[in-house]
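Please read the following report next to the sequence and the model. It goes through charged pairs, strands and surface patches in turn.

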Amino acid sequence: MKKYSINRVELLGKVDRCSLAEDAGEMVATLTIITDMTTRTKEGRVIHNPIWHLVKAMEDEGVNIVALSKGDTVHVEGWIAPSRYITPEGMEKTGLEIRATSIKVVE
């Protein structure tokens with residue numbers, strides 16, 4: 001039996017936060033992208049369910065991180081990676097982040 005694996009993410013959403021930092025001589029952007037899952041109740045009422053995604057991107061051919069700012073609508077392609085971080089209380093936590101291979105601003 002052959003085993004296959006796919007780890008690919010594609011998002012279309014709005015930039016909520018964007019910060020730039022230098023890491024080992026390369027610029028890295030940490031973004032929060034909001035996507036919206038919209039559903040309707042049986043009564044026809046629209047319910048918006050925003051979802052926040054943590055996205056990390058390095059400046060390269062597919063990503064122009066300097067051009068990104070809050071409110072931009074972006075199309076993101078990448079893959080899911082585990083991440084570790086320390087909370088303000090000093091506890092180590094694990095989570096998931098998206099490592100972007102392409103980010104394009106959508107007009």
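Glu-10 is partly exposed, with a relative accessible area of 45%, in a model that is predicted. The areas come from the Shrake-Rupley method with a 1.4 Å probe, and for residues only the protein chains shown count as cover.

The side chain of Glu-10 forms a salt bridge with that of Arg-8, at 3.8 Å from N to O. A salt bridge here is a side-chain nitrogen of Lys or Arg within 4 Å of a carboxyl oxygen of Asp or Glu. Arg-8 counts as exposed because its relative accessibility is 56%.

Two source notes apply to these values. Residues are numbered from 1 along each chain as its sequence is written, and side-chain values use heavy atoms, with hydrogens and water left out. As the model is predicted, local features need pLDDT of at least 70 and side-chain atom pairs count only at pLDDT 80 or more, while totals for chains, interfaces and linings use all residues.

How many salt bridges does a search of the whole structure find? The search finds 6.

| Salt bridge | N to O distance |
|---|---|
| Glu-10 and Arg-8 | 3.8 Å |
| Glu-97 and Arg-99 | 2.6 Å |
| Glu-97 and Lys-56 | 3.9 Å |

Glu-97 meets Lys-56 in a salt bridge. Glu-97 lies in strand S5 (residues 92–105) and Lys-56 in strand S3, so this pair ties together parts that are 41 residues apart in sequence. Strands are DSSP runs of E with at least two residues, numbered from the N terminus. Is Glu-97 buried or exposed? Glu-97 counts as buried, because its relative accessibility is 5%. Lys-56 is partly exposed at 28%. Glu-97 also forms a salt bridge with Arg-99, and Arg-99 counts as partly exposed at 31% relative accessibility. Salt bridges that share partners also join Arg-8, Glu-10 and Glu-77 into one network.

The strands come next. Two strands are said to pair if DSSP finds at least two bridges between them. Strand S1 (residues 9–23) and strand S2 (residues 26–40) pair in the antiparallel sense over 9 bridges. In this pairing Lys-14 stands opposite Ile-34 in S2, and the bridge partner of Asp-23 in S2 is Glu-26. The hairpin of S1 and S2 has 2 residues between the strands, and Ala-24 takes a positive phi near 55 degrees there.

S1 also runs antiparallel to S4, with 6 bridges joining them. Leu-12 stands opposite His-75 in S4.

How many bridges join S2 to S3? These antiparallel strands are joined by 13 bridges. One of the opposite pairs is Ile-33 with His-53 in S3. Between S2 and S3 the hairpin has 5 residues, and Gly-44 takes a positive phi near 90 degrees in this hairpin. In a regular strand the side chains alternate between the two faces of the sheet.

Two surface patches can be described. Patches are made of residues with over 30% relative accessible area and no salt bridge, where like charges are joined within 9 Å and nonpolar side chains (Val, Leu, Ile, Met, Phe, Trp, Tyr) within 5 Å. Lys and Arg count as positive and Asp and Glu as negative, while His and the chain ends are not counted. The place of a charge is taken as NZ of Lys, CZ of Arg, CG of Asp or CD of Glu.

Glu-22, Asp-23, Glu-26, Glu-59 and Asp-60 form a negative surface patch. Glu-59 lies in the loop between strand S3 (46–58) and strand S4 (73–86), and is partly exposed at 31% relative accessible area. Leu-20, Met-27 and Val-66 make a nonpolar surface patch of about 250 Å². Val-66 is found in the loop between S3 and S4, and is exposed at 58%.

Some separations complete the report. Glu-89 lies in the loop between S4 and S5 and is exposed, with a relative accessible area of 63%. Glu-89 and Val-63 are 26 residues apart along the chain, and their C-alpha atoms are separated by 33 Å. Thr-35, in strand S2, is buried at 14%. From Thr-35 to Glu-89 there are 54 residues in sequence and 29 Å in space, C-alpha to C-alpha.

Note on methods. Helices (H or I, at least four residues) and strands (E, at least two) are DSSP runs, numbered from the N terminus. Buried means under 20% relative accessible area, exposed over 50%, partly exposed in between (1.4 Å probe, protein chains only).
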